[in-house]
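Reader: I would like to learn how to read a predicted model. Please show me where to begin.

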Amino acid sequence: MMPLPWIMVFLPWVGALLLLSFPRLRVAAAVNIGCAASSFLLAIALFTVPHGEQGWTRIDALNLPFVLLAAFVALTTAIFSAAMIAGEGFDHWRIRAYHAAFQVFLGAQYLALLSDNLGVLWVAIEIATLASVLMVAVHRTPAAMEAAWKFFMICGFGIALALFGTILLYSAAQALLDAESGLSWAALKRVAARCDADTLNLAFVFLLVGYGTKAGLVPLHSWLPDAHAEGPIAISAVLSGLLLNAAMLAVLRAKAIIGAHPDTITTGPLLMALGLASVLLASLALWRRRDARRFFGWSSIEHMGIAAFAFGIGGPAANLAGLLHMIGHSLVKSAIFFGVGRAAQQKGSQKLADISGLIASDPWLGWGLALAIGAIAGLPPFLLFASEYGVLTAAMAAQPWLAATLALGLVVAMTALIHTLQALCFGTASPDLAAATGGAAVLAPLWLHLAVALILGLAMPAIFTGMLGAAAGIIG
Amino acid sequence: MTFGQLPYDLAHLLGGAVLLLSFVLLYQRRISAVINAFATQGALLALAAAWQGYVQGVTGLYVTAAIAFGAKAVLIPYALHRLVRRFNLQRGVDPALGIGASLIAGVALAGFAMMVVLPATAGQRALAREDLALALSVVLLGGLMMITRRNLISQVIGLLSLENGLILAAVGVAGMPLVMELSTAALVLMLAVIAGVFALQMGESFQSLDTESLQSHRGEGE
Amino acid sequence: MSILTGLLTQLLHLALILALAPVLTGCVRWLKARLMGRRGPHPLQAWRDVLKLLKKRPVLAENASAISRAAPYMALAAAVLAAALVPSFARGMVLAPFADLLLIAGLLALSRFAMALAGMDVGTAFGGLGATREMAFAALAEPALVLVALIFAILAGTTNLDVITGIFQEGALGLRVSLGFAAVALLAVAVAENARIPVDNPATHLELTMVHEAMILEASGRHLALWDFQASLRLTLWLALLAAAFLPFGMAAPGAGPIAWVIGLLVFMVKMAALGFALAVFESAIAKMRVFRVPEFLGAALLLGLLGAVFLFVSTGLS
């Protein structure tokens, strides 16, 4: 019997093979949902597995919540996608490619989150990149091609740097590792204290910039808004909800290894610098967007910046806030993309200028999107308010001046978001060009995400609190 | 191992030759010459991997070498040549930065790589250190090529030669698990396939493989 | 005794080089012709040309100054002196202490300077054009040569070619990446210095492309013989230099007896033949590049030299 985490990884891939053979839209969408649902059940079952390594995978407090989150977002996205995909008008080859790529992407996500082996982690992120490039390019319009090409090139470069960092890490530790442990994260962390500090430093810089590219951190962030603006809207939801988290977790794994050595440079300032730069740049960039999906893509850069800043401060409180922030961002951002997708379909355009007065034309959609944008702006009572508050208090205690700068960035971003919220949801309704399809299945995921973000923000279940506390300890 | 011992010297020399080919890639103006230089680099890389396999006594590295040779010295260059001929693509590389300037930038990057890697890895054996420095130079030069060439095929080759640098680094570190090299090699093939698909599609939609023509299609114009 | 042996070696070396130079040029010409499917001139034709021309009186332009008369001798003298410094079949010649790479570079520059002056002296358009081009190329080729000398200096601790050859002969330094870079850079410089394809075509008289030929277009009779001989000498010198630096095996040690000399001589002949053959094949296989690309070509050589030096500097400085 395979260990449960392995099944978690292979199930979506088997599903992908299966999906390649379904030319019919309804069947394919249903199978897609089925795969995502079984993955979700498996993710819940993973909580029963004792923590530790199973070959090339590991289960610990750090990745379990994120696997569950990923499976949840994947399931709701699959439902959303099933309701929306009919409007895309795909031929049967694209239906096959789209659904298969979706499941390959999910499998790679789970692999990236669960892997204990840094080589496997790298391969997983690479596969996720390839699958998402395909999904971004699926429309084959010139703009989609440009976005996919940029995505491919910049992430190819970033991921190459990450592999170089991995090799450096191994070369630092090779004398201390036994033959079997290979690139095991646990083994590397064990021996890190006796490795050469300089090599570890260098390796961390490469890993940070490399995986940071995939996490959308400045300076190699420019693929992110483009990629979010193209492809079926469901892709934007999983890019923001899943891919960024997996990449950020990879950075955190690297940080945990490097942090285990007493004499390395403190990894914090590097993370804080990249995080702060991301927040400031994105908060300004948000004011100049005209395309709704690019707008929220930039907002993802801002939020990953906040999380990176939190991990840069370090310590249990800030780490916990950072993890909560990633979770909250995933939930709310994918909810936003569901809403934006619906709105764009109704109005026949994804330009901010063409969408207005959603509350008047479709109250369920309008209020849902309004609440979600409010949540992403950090307004109470959602989870992101709690996490941003946590980050700011921790920053205030450690670095008052940087905390003030961060707060400035947050305020600028928040006003931009509120500004957009008003334009999109309030005011007179712009004319609908197309009838809405899909009915409740489109809006249910949105409200479900909001509900979860609300519950987690108000009263986090004890099992998660304990687990995230332990996870904060792992990062160090 | 230090200088004057054959295993070290040859590995070092092969690494240097791969780096030299990276400069040749930057120097060439015609796309077919770039592809040929890339094929040579792939062959040299395969040689370096095989030599490391012999020195370290790891048979897995021979497989890496064979894959590198098959994919990078034969298959990919052949495919790229065909692509250029079949679609009658533009034959020049269309540099965004002049050839001379990119060569100077390349030397600066190579110097930078050495300044970064050599001090940071002072605790390790000389072989691994200098191999890592050479490999990082190849990686950075590949990146430079991606940045400074507008022609699509040259960008793809920049990415591929960057991957060459990674494999050079991986084979140079003794005992690096085999999984890595195999997957890397396989993935490089996939990357090329995808890039090829891209190239084809763009060939259809634009009649030219110049990424400059994509600039006007960015999500938000001025 | 040792001085006497040194002197003897030196004289033999000089005689060998002087006798060999036109033969080598002739051989390369003949080989190229054969490779291109022509019968080609006899390998000794170059010698015959020189001897014939030496007997003829030079015709000078009316406005030619003393420079036109003196330049051939100056260039040849510098070239002969440089050739005397580069070891061929044995080390430990009497001039060995002066066989500094920088000095050799300087002597070659001097001979080039004389040639450029001669080109410009009469004031014809082509002479001036050739001289400016030659100087523009030299501005890149010479630094490259100096950088290569620097690489040798870091590795061997000296720029003395005789000592460097000895050290390389022992093989204590092993194969080095920097040496590989230096070899490529030196080859590029050698091609440019000897006006070979792809930088210049030694057989052309097409106005747009010629560099070396343009400068000596006005020369005739005895002067032309001197120029031709000097060109042959430079080619031999460069091949000997490459052989001494990168193929040092077989060379007789200082003070070794006649048997070692004979062996060294044979090996030297083989090396020259191999290099000449390689040159002929190379020239037949590729096309001449546009004049405007030459600076790029030499610039690349310069950068390679720089890279080799930087690499060596960093790695020796840290290990």
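Author: Begin with the elements: helices (H or I, at least four residues) and strands (E, at least two) are DSSP runs, numbered from the N terminus. In this predicted model, local features need pLDDT of at least 70, side-chain atom pairs count only at pLDDT 80 or more, and totals for chains, interfaces and linings use all residues. Residues are numbered from 1 along each chain as its sequence is written, and chains are lettered from A and ligands numbered from 1 in the order in which they are written.

Reader: What follows α7(C), and is its phi positive or negative?

Author: C:Ala195 follows α7(C), and its phi is positive, near 55°.

Reader: How do I check the span of helix α7 of chain C?

Author: The expected span of a helix is 1.5 Å times one less than its number of residues. Helix α7 of chain C (residues 177–193) has 17 residues and should span 24 Å, which agrees with the 24 Å between its end C-alpha atoms.

Reader: How many residues of α7(C) are buried?

Author: A residue is buried if 20 or more other C-beta atoms lie within 10 Å of its own, exposed if 12 or fewer, and partly exposed in between, with C-beta atoms placed from the backbone. In α7(C), 15 of the 17 residues are buried, so the helix is largely enclosed by the rest of the structure. For chain C, buried residues make up 50% of the 319 residues; for chain B, they make up 55% of 222.

Reader: How many helices and strands does chain C have?

Author: Chain C has eleven helices and zero strands. Its radius of gyration (taken over C-alpha atoms) is 19 Å, close to the 20 Å from the globule rule for 319 residues, so chain C is as compact as a globular protein of that length. The rule is 2.2 Å times the number of residues to the power 0.38. Chain B has seven helices and zero strands.

Reader: Which chains touch?

Author: Two residues are in contact if their C-beta atoms, placed from the backbone, lie within 7 Å. Of the two pairs of chains that touch, A and B have the most contacts. Chains A and C do not touch, and their nearest C-alpha atoms are 14 Å apart.
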